[in-house]
Amino acid sequence: MNLLQEIIAHYNHWIIIFLMVSGLYIVVAHGNMIKKLVGLSLFQTSVYLLYLSPGKILGGTPPILSDQFTVYSNPLPHVLILTAIVVGVATIALGLALVVRINEAFGTIEEDEIFAEDEDE
Amino acid sequence: MVLLTLLAAVTLGIVRLRNLFAVVILGGIYSFLMASVMIVLDAVDVAMTEASVGAGVSTVLMLATLYLTKSQESEPTHTPLLPLFVAVATGAVLVIGTFALPPFGAADTPANTHVAPYYLENSIRDTLVPNVVTSVLASYRGFDTLGEVTVIFTAGIAVLMLLKGRRQVKPGPKRPRIRR
């Protein structure tokens, strides 16, 4: 019973860590640049969850004030993550533009092939 | 909890698949699942943003890039053992760290008792906006939001500069608008 409670209390953290670690793995292990950017955004979204989940209060409602409710979840992480999402998509767009340019210059978006071409020159 | 498990399953798919089109679509599904989790976590504003920006805009941007490049990833040339080891080791250390964190949903944690109650109590009086997220974003921390807009503006200019000098692809689509 105690173990079950422990698992429920930390299940969200473990999933967040799994997402984070798979993002890290994709960025390190895959040579394809679009795949790398997907991994980067996985990592980013896991951080969103990491911020949002401590702000949740069981039995609370979304932080929109009303006479009918007294317990609200923490609004501050929401504000931070709202900013982070928008900045995140800006960086992804920049990265994708770089990928398009790299593809034009090298004819490929695989890291290894780019390095090989660089050596030849 | 079910949603979180689904999220993990989709992530596994993203890691395993080599067809980039499928990866991008799974990324869209992932973002929608993430938005659902956010609603469960009471972050309704964030969920709306994630569903529109994460699942909408970034999926479209990725698809546009795939159109201009290749959509198949080549076979890996290195063994993935070292990255796998690094990832698993990092994950193990982080999991050990979670046992010191407060349990999910607790109300008396430092994060929830420090400055958040101030905003909840004074938002109506100070800004007349019932949605506390809006009042913090646009009023209390409006200057930060200005900084955010600056970042987006800079990124937009950079994308335009990068794509402006490129050669015209023959039949291709009109220049993808990657500015947002």
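**Close-up views of the contact between chains A and B**

Between chain B and chain A, seven residue pairs are in polar contact, both residues at pLDDT 80 or more. A polar contact is a pair of N or O atoms within 3.5 Å; within protein, one must be able to donate a hydrogen and the other to accept it, and residues adjacent in sequence count only if both atoms are side-chain atoms. This is a predicted model: local features need pLDDT of at least 70, side-chain atom pairs count only at pLDDT 80 or more, and totals for chains, interfaces and linings use all residues. Residues are numbered from 1 along each chain as its sequence is written, chains are lettered from A and ligands numbered from 1 in the order in which they are written, and side-chain values use heavy atoms, without hydrogens and water.

**View 1. The chain B side of the interface.** Chain B brings 86 residues to the contact and chain A brings 76 residues (contact: heavy atoms within 4.5 Å). About 7300 Å² is buried between the two chains, 76% of it from carbon and sulfur atoms. Buried area is the accessible area (1.4 Å probe) that two parts lose on being put together, summed over both.

**View 2. The salt bridge between the chains.** One salt bridge is counted between chain B and chain A (a side-chain nitrogen of Lys or Arg within 4 Å of a carboxyl oxygen of Asp or Glu). Lys56(A) pairs with Asp42(B), with the closest N and O atoms 3.2 Å apart. Over all chains, the count is three salt bridges. Lys56(A) lies in the loop between α2 (33–55) and α3 (75–106) of chain A, and Asp42(B) in the loop between α2 and α3 of chain B. Helices (H or I, at least four residues) and strands (E, at least two) are DSSP runs, numbered from the N terminus.

**View 3. α1(A) against α1(B).** The axes of α1 (residues 2–29) of chain A and α1(B) come within 10 Å and cross at roughly 10°. Axes are lines fitted to C-alpha atoms, for helices over the stretch in contact, and angles run from 0 to 180 degrees between N-to-C directions. The two helices are therefore roughly parallel (angles under 35 degrees; over 145 is roughly antiparallel). Among the residues that meet are Tyr11(A), Phe18(A) and Tyr25(A) in α1(A), and Leu4(B), Leu12(B) and Val15(B) in α1(B).

**View 4. α2(A) against α3(A).** Within chain A, the axes of α2(A) and α3(A) come within 10 Å and cross at roughly 175°. The pair is therefore roughly antiparallel.

Note on methods
Parallel < 35°, antiparallel > 145°, perpendicular 65-115°, else oblique.
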